[in-house]
Amino acid sequence: MSESYTGQVTVGGPPAVREIGDLRVTKVAVDPRMANNAYLLTCLSTGDQVLVDAADDAATLLTVLDQKRLRAVVTTHQHWDHHRALADVVAATGAGVVVGAPDAAAVSEQTGVTVTREVSDGDTVAVGSCAVEVVRVTGHTPGAIVLAFTEPSGRAHLFTGDSLFPGGPGKTPDPEAFASIMDDLETKVFARFGDDTWFYPGHGDDSTLGTERPRLAEWRARGW
């Protein structure tokens, strides 16, 4: 891995880049109002790419990615600030569009883009010879997904959208949705992946599960 990587990016600033085995992760921040993160995943063996959240500023995203090698754009959830550049990126690249099944219709309606693949728990998205696994985390939205890449060593890397941030889960609309997101985070994320798991959220800085794990009970008690 690139040990100099911190995951800290600013809108208008340079990307943060790390190499994890055969996968390169390029993180860029877009939109000064929302400071969304977008992540370009590149297979170092084949050059194939997948973009996680075409959040905004298609010009910046198209500069970072290879328009001939982008195979798919994964939208982590249906909220508008995570797909504002989706139509422009797809029009420029012809990439497929991947969305968690319950959010697919909303993303298509909001963007005018046809969702080419609906995914759920256990599905995989190819990034050349690499792959990321879909982990469904329901609560922030009905179809929100996390993407998991596991190194050969066993260490995992999670692209969490707005389902998990340093300091807690993403905002939920009601107590039922909060209970759901906490249940899924505890059983599908924290119970499965180790403390050295690095996660990359939809806004702001990265963190590790080990850093956040001691706060789970506090989050649950805090409520939605």
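1. Basis. The model is predicted, so to speak of local features requires pLDDT of at least 70 and side-chain atom pairs count only at pLDDT 80 or more, while totals for chains, interfaces and linings use all residues. Residues are numbered from 1 along each chain as its sequence is written, and side-chain values use heavy atoms, with hydrogens and water left out.

2. Salt bridges overall. The structure contains 13 salt bridges, a salt bridge being a side-chain nitrogen of Lys or Arg within 4 Å of a carboxyl oxygen of Asp or Glu. As background, side chains of opposite charge can pair when their charged atoms come close.

3. D48 and R71. These two residues form a salt bridge, and their closest N and O atoms are 3.1 Å apart. The pair links distant parts of the chain, 23 residues apart: D48 sits in the loop between β3 (36-43) and β4 (49-52), and R71 in strand β5 (residues 70-75). Helices (H or I, at least four residues) and strands (E, at least two) are DSSP runs, numbered from the N terminus. D48 is buried at a relative accessible area of 15%, whereas R71 is partly exposed at 40%. Buried means under 20% relative accessible area, exposed over 50%, and partly exposed in between (1.4 Å probe, protein chains only).

4. K188 and D121. K188 has a salt bridge to D121, with 2.6 Å between the closest N and O atoms. Here too distant parts of the chain are linked: K188 belongs to helix α4 (residues 175-190) and D121 to the loop between β7 (117-119) and β8 (124-127), 67 residues apart. K188 counts as partly exposed at 22% relative accessibility, and D121 counts as partly exposed at 40%.

5. K188 and D184. K188 also forms a salt bridge with D184, where the closest N and O atoms are 4.0 Å apart. Because K188 and D184 are four residues apart in helix α4, about one helical turn separates them. D184 counts as buried, with 12% relative accessibility.

6. D31 and its network. A network of salt bridges links D31, R33 and R84. D31 lies in the loop between β2 (23-30) and β3, and is buried, its relative accessible area being 6%. The backbone at D31 has a positive phi of about 70°, although D31 is not a glycine.

7. A35. The loop between β2 and β3 also holds A35. A35 is not a glycine, yet has a positive phi of about 45°. With a relative accessible area of 32%, A35 is partly exposed.

8. The sheet. An open sheet is formed by six strands in the order β8-β9-β10-β11-β14-β15, with mixed pairing. Two strands pair if DSSP finds at least two bridges between them. β8 and β15 (207-208) are at the edges with a single partner strand each, so one side of each has no neighbour in the sheet.

9. Strands β10 and β11. Strand β10 (residues 145-150) and strand β11 (residues 156-161) run antiparallel and are joined by four bridges. In this pairing, A148 stands opposite L158 in β11.
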